[in-house]
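Visitor: I would like a close look at a single part of this protein, and then at how the rest of the model compares with that part. Please take it step by step.

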Amino acid sequence: MARTLLSALCLLVGLVCFPSTECWEAPWFCHGHECPVYTVVQQYEGFEERNYEVSHWITTDVASAIKSDLKDGFWKLYYFNQGQNSENKEIAMTRPVLVSVKEADGMGEQKVSISVFQSDTDIPEPNDNTIRKTVIPGGTVYVRSFGGFASDEDALENVQQLREDLRAAGKEFVENRFDAAGYDAPWDLINRHNEVWVRAP
């Protein structure tokens, strides 16, 4: 399994900030940045059930979830936001940076992508044809949160625990996919917040 999902995200986020312009009050771990809008449906022991609104992202595929591949993917998205797009438009960074993993099954290969949330739906076209605009439909997401400087082992252990908790609670979920969400810059030493997401069918 690829290394350092969330620890790599710690290095990637926090480069640019801007004040919230939406009426929705983002949670504390967004640190004043724009985040995808959601409501908490129910809080369980060990995980949270959220209902996310439809959200817009820019996304690029990466070779794997190792730190170097994630960094390469992130910088593509960062420079898109810095004006390397069809309108030469600068777009402020948001939270979280999201790594999506479709796990290998049978003869298939693992697929990994990295995405950055876009609070404005009027997104310029990418100059780089390896970047695409994506829309994540609204729906139910199960979230397990944990603190500290997260390692790859932390991310995978939390995904496994989340899946076990969901089975125990009788929840249906997509078995072979998960997301790792990073909210903090590497120089943020306290109150760190990491998440793993598993989606309902």
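Over which residues does pLDDT stay under 50, and how many contacts beyond four places in sequence does the model have for them?

Guide: This is a predicted model, and the stretch you ask about is residues 10-22, where pLDDT stays under 50 and for which the model has 45 contacts beyond four places in sequence. Across the protein the average pLDDT is 87, with 86% of the residues scoring at least 70. Among the elements, helix α1 (residues 5-12) has the lowest confidence, at a mean of 51, whereas strand β2 (residues 47-52) has the highest, at 98.

Strand β2 is largely enclosed by the rest of the structure, because 5 of its 6 residues are buried. With strand β1 (residues 38-44), β2 pairs in the antiparallel sense over 6 bridges, and Tyr-38 stands opposite Tyr-52 of β2. The hairpin of β1 and β2 has 2 residues between the strands, and in this hairpin Gly-46 takes a positive phi near 100°. Strand β7 (residues 139-146) is also joined to β2, running antiparallel, by 5 bridges, and here Arg-50 has Val-141 in β7 as its bridge partner.

Turning to strand β3 (residues 55-62), one finds it mostly covered, with 6 of its 8 residues buried. Strand β3 is joined to the antiparallel strand β6 (residues 131-136) by 6 bridges, with Thr-60 opposite Ile-131 in β6, while β3 and strand β5 (residues 111-118) pair in the antiparallel sense over 7 bridges, Ser-113 in β5 being the bridge partner of Asp-61.

How values were computed: Residues numbered from 1 in each chain as written. Predicted model: local features only at pLDDT ≥ 70, side-chain atom pairs only at ≥ 80, totals over all residues. Heavy atoms only, no water. pLDDT = per-residue confidence, 0-100. Helix = DSSP H or I, 4+ residues; strand = E, 2+ residues; numbered from the N terminus. Contact = heavy atoms within 4.5 Å. Buried < 20%, exposed > 50% of the residue type's maximum accessible area, 1.4 Å probe, protein only. Pairing = 2+ DSSP bridges.
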